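Please look over the sequence and the model shown here. The report that follows takes up a few parts of the chain in turn.

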Amino acid sequence: MGMMMAVSFTRYGRLYYLDPGQHTPKVGDKVLVPTDSGPEVAECIWAPQYVSEDVEGLPLCAGIAGDEHLARDEANRRRRAESRSIAKKLIRKHELPMKVIGVDYLDADNVFRVYFSAPHRVDFRALVRDLARSMKARVELRQVGPRDEARLQGGIGPCGRDLCCATFLKDFEPVSVRMAKEQDLPVNPLRIAGACGRLMCCLKYEHPLYVEAHDRMPKLGERVGTPAGNGQVVGRNVPSDTINVRLDGGRKCACPVASVCSPRRQHDEHYADNQDDSPNAG
């Protein structure tokens with residue numbers, strides 16, 4: 001058990017977890033977060049609290065931000081906003097198919113990192129020279145893909161909540177259409193695609209539950225016995241733990257999985273395994 005707190009560099013942005021150390025900031029307080037370019041100002045989103053998980057190795061909170069830190073952070077915000085405007089104007093001037101996604105500024109090294117998206121590789125050598133001249137700093141241009149574009153810009157997902165990638169996801173795990181099919185979702189890009197245009201990351205969240213449930217439930221087309229009579233399985237509803245059965249008379253019914261009798265062999269195998277695992281077995 002240890003202490004942990006969460007901070008965010010932008011309102012409704014990604015959460016970063018810290019070891020509060022000897023500090024006790026409240027929600028809304030500005031704190032210092034150690035980074036490669038020195039301590040940066042972030043807002044406390046979760047006040048320090050004890051957690052049951054092992055949280056060793058978290059960065060240590062560098063303390064409460066003072067007036068000088070807040071003034072430096074505000075100056076850096078203004079410089080990022082100004083550089084973003086300059087980059088957009090110069091991109092239009094050079095007629096490049098680029099879209100500015102975000103800008104980082106490392107004041108210790110006087111370096112701007114401009115993140116952009118483009119449909120293909122872009123020759124931006126002339127643009128970099130003009131940007132460095134206008135911003136009076138070293139400029140690095142970095143092209144990002146659709147998922148990183150959504151993460152940097154943020155937004156609202158189909159569920160009505162902030163995008164997972166912009167709040168808590170650290171890595172993009174592979175998602176496949178098979179996951180959507182196994183969750184009985186329509187294989188329609190408009191229904192299963194996120195703000196980035198790729199398959200929604202949340203398709204992976206419940207996928208293990210569906211795999212386990214489908215292994216436990218009767219298979220589609222299987223003959224089963226229900227309280228309403230015998231029939232054939234024509235559908236499965238994992239969230240409600242029910243199956244849809246077409247009875248021999250042609251009528252359909254929805255039955256809880258617990259009330260359905262599967263074939264004798266499957267029944268015996270299921271209860272034989274439970275007996276072998278029970279404390280009184282043997």
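## Glu182 and helix 5

Glu182 lies in helix 5 (residues 177–182); helices (H or I, at least four residues) and strands (E, at least two) are DSSP runs, numbered from the N terminus. Glu182 is partly exposed because its relative accessibility is 24%, where buried means under 20% relative accessible area, exposed over 50%, and partly exposed in between (1.4 Å probe, protein chains only). Between the C-alpha atoms of Glu182 and Ser8 there are 35 Å, and the two residues are 174 residues apart along the chain.

## Basis of the values

This is a predicted model, in which local features need pLDDT of at least 70 and side-chain atom pairs count only at pLDDT 80 or more, while totals for chains, interfaces and linings use all residues. Residues are numbered from 1 along each chain as its sequence is written, and side-chain values use heavy atoms, with hydrogens and water left out.

Strand 5 (residues 99–106) and strand 6 run antiparallel and are joined by 7 bridges; two strands pair if DSSP finds at least two bridges between them. They form a hairpin with 4 residues between them, and Asn110 in the turn has a positive phi of about 55°. Leu106 has Val111 in strand 6 as its bridge partner.

On the parallel side, strand 6 (residues 111–117) pairs with strand 7 (residues 138–143) over 6 bridges. Together with helix 2 (residues 125–135), strands 6 and 7 make a right-handed β-α-β unit. Right-handed means that, with the strands pointing away from the viewer, the path from the first strand over the helix to the second runs clockwise. Strand 6 is largely enclosed by the rest of the structure, because 6 of its 7 residues are buried.

## Salt bridges

The whole structure holds 17 salt bridges, each being a side-chain nitrogen of Lys or Arg within 4 Å of a carboxyl oxygen of Asp or Glu. One of them joins Arg125 to Asp123 (2.8 Å, N to O); Arg125 counts as exposed, at 58% relative accessibility. Another joins Arg138 to Glu140, with the closest N and O atoms 2.9 Å apart. Arg138 is partly exposed, with a relative accessible area of 49%. A network of salt bridges links Arg113, Arg138, Glu140 and Arg142.

## Helix 3

Arg147 is part of helix 3 (residues 146–153). Arg147 is buried yet has no salt bridge, and the nearest side chain of opposite charge, Asp148, is 8.5 Å away; for charge, Lys and Arg count as positive and Asp and Glu as negative, while His and the chain ends are not counted. A polar atom of the Arg147 side chain lies 3.2 Å from the backbone oxygen of Leu199.

Asp148 itself meets Arg151 in a salt bridge (3.2 Å, N to O). These two residues are 3 apart in helix 3, so about one helical turn separates them. Asp148 is partly exposed, with a relative accessible area of 26%, and Arg151 counts as partly exposed at 26% relative accessibility.

Strands in the order 8-9-10-11 make an open sheet of 4 strands with antiparallel pairing. Strand 8 (223–226) and strand 11 (252–256) are the edge strands, each pairing on one side only. Within this sheet, strand 10 (residues 242–247) pairs with strand 11 in the antiparallel sense over 5 bridges. Arg246 has Lys252 in strand 11 as its bridge partner.

Terms used: Polar contact = N/O pair within 3.5 Å; in protein donor to acceptor, adjacent residues only side chain to side chain.
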